[in-house]
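Subject: Structure handover

Hello,

Here is the structure I promised to pass on. Please open it next to this email, and then read my notes on the charges, the surface and the loops.

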Amino acid sequence: MLFSLLYMVLRVVLGLTPAGEARDREAEIVVLRHQLKILQRQAPRPKLSRLDKLFLAAASRILPKERWSSFVVTPATLLRWHRELVRRKWTYKAKRTGRPPLNPQVRELLILMAKENPRWGYVRIQGECRKLGIRVGASTIKRLLLREGLGPAPRRDGPSWSEFLRSQATGIIACDLFTVETMFLGRFYVLLFIELSTRKLHVMSATSQPNAEFVTQQARNLFACRLDQRDEPIRFLIRDHDCKYTSSFVEVFRSEGAQVVLTPIRAPTANAFAERVVKTVRSEILDWTLIVSRKHLDGVLRNYVSHYNAERPHRGLELAVPDKPCTVAPVDEVPPIGRRDLFGGLIKEYRAVAA
């Protein structure tokens, strides 16, 4: 009702103006201005070409400042355009200040010295260069070597963390307990061990009551049946603070000459090998299988461990398998390939078939 009244009043006011060509032209200008306001409220900022900027800048010189509101740009925009024109005018090259760039031959010499002498520090390399008549600052040497991935001496020499852990992994075994939910919402506990050097997996039998007798007996079974063929004894066992690892469980390993290493509290990454293999077992088989009973679970895990140790390539072993560390020689022609399906096709094994 209110808008209808306002419409009638506005129509009467506009009708009071005398008819003619001047009124039509002024009405058209008003309509265009109003539509421009609507577009300014709705449309994004328009992209102006250089000709558009030239025309608007020239038109601003003949219009008084009171009418500058009709422009789609602000005075600050006009000033910015002017600054851009001034910047384009001064196109000569600015004189570079600061230290001159390092000679490429000197750069190669510094990198060569750092690589061939990993125990030399920045100042020592600076002194060696000064003996050759080359003047270069120690801070320059430091920045150059850091860009090339060469840290300060003496940490440039020696193995990397991966090489160090791989060399120390012999004789280290890690363990972890994980749970499996059955189809009828029962829960079983599974104890697994993994050898860090060979990535060989040992999964013990499942139980619904992981008490002290169970874990102790599984530790005895590990040494009696699984580790009797090892050339080197177990030196360390990595485990977390789970209360299911009782003193009798720890004593089994100590009696075999192994030292038990506890991970920090709430730090699963400290037992990364065991945590990763638990994730692998879940993602490759358990998350896709409905477990009916403990016997069913033991059979599934037994078959998976056989596949894991004998057929599954490991990135930590340069894509070799734990039971077959030697790689197959490359062939010129693809031999006949046979496939074996496990767990109804969830896992597939490929082998070369003898001709």
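Helices here are DSSP runs of H or I with at least four residues, numbered from the N terminus. Please keep in mind that this is a predicted model.

**Positive patch**

Start with helix H4, residues 75-89. This helix supplies the largest share of a positive surface patch, namely three residues. The patch is formed by Arg50, Arg83, Arg87 and Arg88. Arg50 sits in helix H3, which covers residues 50-59. Is Arg50 buried or exposed? Its relative accessibility is 65%, so Arg50 counts as exposed.

**Salt bridges**

Next, the charge pairs. Side chains of opposite charge can pair when their charged atoms come close. The structure holds 10 salt bridges.

Take Glu128 and Arg124. Their side chains meet in a salt bridge, with N to O at 3.1 Å. Both residues belong to helix H6, residues 122-131. They are four residues apart there, about one turn of the helix. Glu128 is buried, because its relative accessible area is 15% and the cut-off for buried is under 20%. Arg124 has 44% relative accessibility, so it counts as partly exposed.

Arg294 and Asp298 also form a salt bridge through their side chains, 3.3 Å from N to O. Which helix holds this pair? Both are in helix H12, residues 294-310. They are four residues apart in H12, so about one helical turn separates them. Arg294 is partly exposed, with a relative accessible area of 41%. Asp298 is buried, at 15%.

Some bridges share partners. Such salt bridges join Glu311, Arg340, Glu349 and Arg351 into one network.

At 5% relative accessibility, Glu349 counts as buried. Which side chain does Glu349 meet in a polar contact of 2.8 Å? The partner is His307.

Then there is Asp242 with Lys244. The closest N and O atoms of this salt bridge are 3.6 Å apart. Asp242 has a relative accessibility of 23%, so it counts as partly exposed. Lys244 is partly exposed too, with a relative accessible area of 22%.

**Nonpolar patch**

Which residues form a nonpolar patch on the surface? They are Met183, Phe184, Leu290 and Val292. Together they have about 430 Å² of accessible area. Phe184 is in the loop between strand S1 (172-181) and strand S2 (187-195). Its relative accessibility is 63%, so Phe184 counts as exposed.

**Loops and backbone**

Most residues other than glycine have a negative phi. Arg199 is not a glycine, yet it has a positive phi of about 60°. Where is Arg199 found? It is in the loop between S2 and strand S3 (201-203). Arg199 counts as buried, because its relative accessibility is 18%.

Arg266 also has a positive phi, of about 55°, although it is not a glycine. This residue lies in the loop between strand S5 (259-262) and helix H11 (272-284). Arg266 has 83% relative accessibility, so it counts as exposed.

Last, Asp240. Its place is in the loop between strand S4 (236-239) and helix H10 (247-255). Is Asp240 buried or exposed? At 19% relative accessibility it counts as buried, since the limit is under 20%. Asp240 and Ala267 are 27 residues apart along the chain. Their C-alpha atoms are separated by 8.6 Å.

**To recap**

- Positive patch: Arg50, Arg83, Arg87 and Arg88.
- Salt bridges: 10 in the structure, including Glu128 with Arg124.
- Network: Glu311, Arg340, Glu349 and Arg351, joined by salt bridges that share partners.
- Nonpolar patch: Met183, Phe184, Leu290 and Val292.
- Positive phi: Arg199 and Arg266.

Best wishes

Technical notes. Residues are numbered from 1 along each chain as its sequence is written. This is a predicted model: local features need pLDDT of at least 70, side-chain atom pairs count only at pLDDT 80 or more; totals for chains, interfaces and linings use all residues. Side-chain values use heavy atoms; hydrogens and water are left out. Patches are made of residues with over 30% relative accessible area and no salt bridge: like charges are joined within 9 Å, nonpolar side chains (Val, Leu, Ile, Met, Phe, Trp, Tyr) within 5 Å. Accessible areas come from the Shrake-Rupley method with a 1.4 Å probe; for residues, only the protein chains shown count as cover. A salt bridge is a side-chain nitrogen of Lys or Arg within 4 Å of a carboxyl oxygen of Asp or Glu. Lys and Arg count as positive and Asp and Glu as negative; His and the chain ends are not counted. The place of a charge is taken as NZ of Lys, CZ of Arg, CG of Asp or CD of Glu. Helices (H or I, at least four residues) and strands (E, at least two) are DSSP runs, numbered from the N terminus. Buried means under 20% relative accessible area, exposed over 50%, partly exposed in between (1.4 Å probe, protein chains only). A polar contact is a pair of N or O atoms within 3.5 Å; within protein, one must be able to donate a hydrogen and the other to accept it, and residues adjacent in sequence count only if both atoms are side-chain atoms.
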